[in-house]
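Visitor: I am new to this structure and would like to learn how to read its features. May we take them in turn?

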Amino acid sequence: MRSTDLTTWQPTSWQSRIAQQQPHYTDAAALERAVADLSRLPPIVVSWEVDALRERLAAAQRGEAFLLQGGDCAETFVGCESDRIAKQLKVLLQMSLVLLHGLKKPVIRVGRMAGQYAKPRSADTETRDGVTLPSYRGDLVNRPEFTPAARNPDPELLLRGYERAALTLNFTRALVAGGFADLHHPEYWDLGFVKHSPLKEAFQRIANSISDSLDFLEGLSGLRVHEATHAGFFASHEGLVLHYEQAQTRYIPRQNRWYDLSTHMPWIGMRTAQLDGAHVEFFRGVSNPIGVKIGTAMDSEWLQGLVATLNPQNVPGRLALIHRFGAKDIESALPRMIDAVRQTGQGVLWICDPMHGNTETSTGGLKTRRFDNILKEIELAFRIHREMGSALGGVHIELTGEDVTECTGGARGLSDADLQRAYRSTVDPRLNYEQSLELALLIAERAHARRG
Ligand code: PEP
Ligand code: CO
């Protein structure tokens, strides 16, 4: 039976449901200790930030703002390092300025960071040379080396992950609050790739115009632009390991509500969105904005059930549906989903994840995604929503500020053969710095062209 009653809900209520994709901890006492420790430590984020984000997402839901959500497929503990975090922030901030300029609406920045340490896996175990061990589920759970000790899920890692998340967000907040970098200095923008693009002039025009607008704004207000636009920055991750989320969930008496304070905006992955499952049970009880990934396996009734269960009060900005159908399936899948939600009479925020439906294997055997398919899915998403009287309120991208070669295409025309050069992801392929910026420029350019 579907429940929309929250009076008896507790952060542990999920434990009476079937929880997919959870580690099998062998030491129950150690797990209990880790959860108790984590429950006592201060939260990563606070409730008023969560409420502020929900308000801003409500604006995106009304078509008055746009969400840029992006970051690594999976963060790692060794990747918690200043240069990498700064680059990640830089690409997100630059993309957000380009989008702001092109879409002419405020852009809400949400990193896939400070907690994106756990991954769903297609199999519970992995077998090599006749030896079977638990699958590696991300640094929050176990370690990648193929030994029994490394693969045994270790509850202490919940604490190590919490610490890395806190360090990451602390550094990010300080960078954002301190101005980070002069976004209007042309040398700060690595636009070398632009000369390879047929849209060279359009890109240069956008970059110059952003720079002029920033000068103008800063001159006018006497404030640096991050202050003038009070450019907030929020964190998000897949809420996968429920002991981690549970332990950071707090009751805020002033609000008379529960909040998952491990992050601002957790999302439910496609593999854990069962209507009667533990993840939906957990997330229905917290008041954060929640994302749910939806793929081609989702049907109308299931989606309507999720909308009713996760947002029974129809709170604006509460529920984001992150569709990830792939460029080849979005035209057949998305209209049905828009209709299904429309029948509920409820509002949702629609977000396009153009990454997870476009994964393929390259000729060399590496997992990759083609830039053209990513762009095409976003364009189709804009068009389908527009034609159906709905609105695309954001994009969800796997990207890095580093010069990796994981996705093919883009202005430099990376080929399958180029992937070997700097393929660093152990999970999904990410857009690199240039490809990310190019994607934002293309979205901006086409929005500009549509307006005429
Ligand atoms: C992800 O976002 O990395 C992911 C696993 O996505 P999905 O749940 O949509 O497959
Ligand atoms: Co991924």
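Visitor: Is cysteine 73 buried or exposed?

Guide: Buried means under 20% relative accessible area, exposed over 50%, and partly exposed in between, computed with a 1.4 Å probe on protein chains only. Cysteine 73 counts as buried because its relative accessibility is 1%. Glutamate 398 is buried as well, at 0%. This is a predicted model, in which local features need pLDDT of at least 70 and side-chain atom pairs count only at pLDDT 80 or more, while totals for chains, interfaces and linings use all residues. Residues are numbered from 1 along each chain as its sequence is written, chains are lettered from A and ligands numbered from 1 in the order in which they are written, and side-chain values use heavy atoms, with hydrogens and water left out.

Visitor: Which residues are around ligand 1?

Guide: A residue is near a molecule or strand if one of its heavy atoms lies within 4 Å of it. Around ligand 1 are Cys73, Arg112, Lys119, Pro120, Gly269, Met270, Arg271, Lys293, Arg324, His356 and Glu398. A polar contact is a pair of N or O atoms within 3.5 Å; within protein, one must be able to donate a hydrogen and the other to accept it, and residues adjacent in sequence count only if both atoms are side-chain atoms. An N or O atom in the side chain of arginine 271 is 2.8 Å from an oxygen atom of ligand 1. For arginine 324, the corresponding distance to an oxygen atom of ligand 1 is 2.7 Å. A polar side-chain atom of glutamate 398 lies 3.0 Å from an oxygen atom of this ligand.

Visitor: How many salt bridges does the structure hold?

Guide: A salt bridge is a side-chain nitrogen of Lys or Arg within 4 Å of a carboxyl oxygen of Asp or Glu. The structure holds 27 salt bridges. One of them joins arginine 284 and glutamate 281, with the closest N and O atoms 2.8 Å apart. Both arginine 284 and glutamate 281 are buried. These two residues are separated by about one helical turn, because they are 3 residues apart in helix α9. An α-helix has 3.6 residues a turn, so residues three or four places apart point the same way.

Visitor: Which parts does the salt bridge of lysine 293 and aspartate 353 tie together?

Guide: In this pair the closest N and O atoms are 2.9 Å apart. Lysine 293 lies in strand β9 and aspartate 353 in the loop between β11 (349–352) and β12 (359–361), so the bridge ties together parts that are 60 residues apart in sequence. Lysine 293 and aspartate 353 are both buried.

Visitor: Where is glutamate 245, and which side chain of opposite charge is nearest?

Guide: Lys and Arg count as positive and Asp and Glu as negative; His and the chain ends are not counted. Glutamate 245 is in helix α8 (residues 242–247). Glutamate 245 is buried yet has no salt bridge, and the nearest side chain of opposite charge, arginine 250, is 11 Å away.

Visitor: What is the phi of aspartate 129?

Guide: Phi of aspartate 129 is near 45 degrees, a positive value in a residue other than glycine. Aspartate 129 lies in the loop between β3 (125–128) and β4 (131–134). With a relative accessibility of 82%, aspartate 129 counts as exposed.

Terms used
Helices (H or I, at least four residues) and strands (E, at least two) are DSSP runs, numbered from the N terminus.
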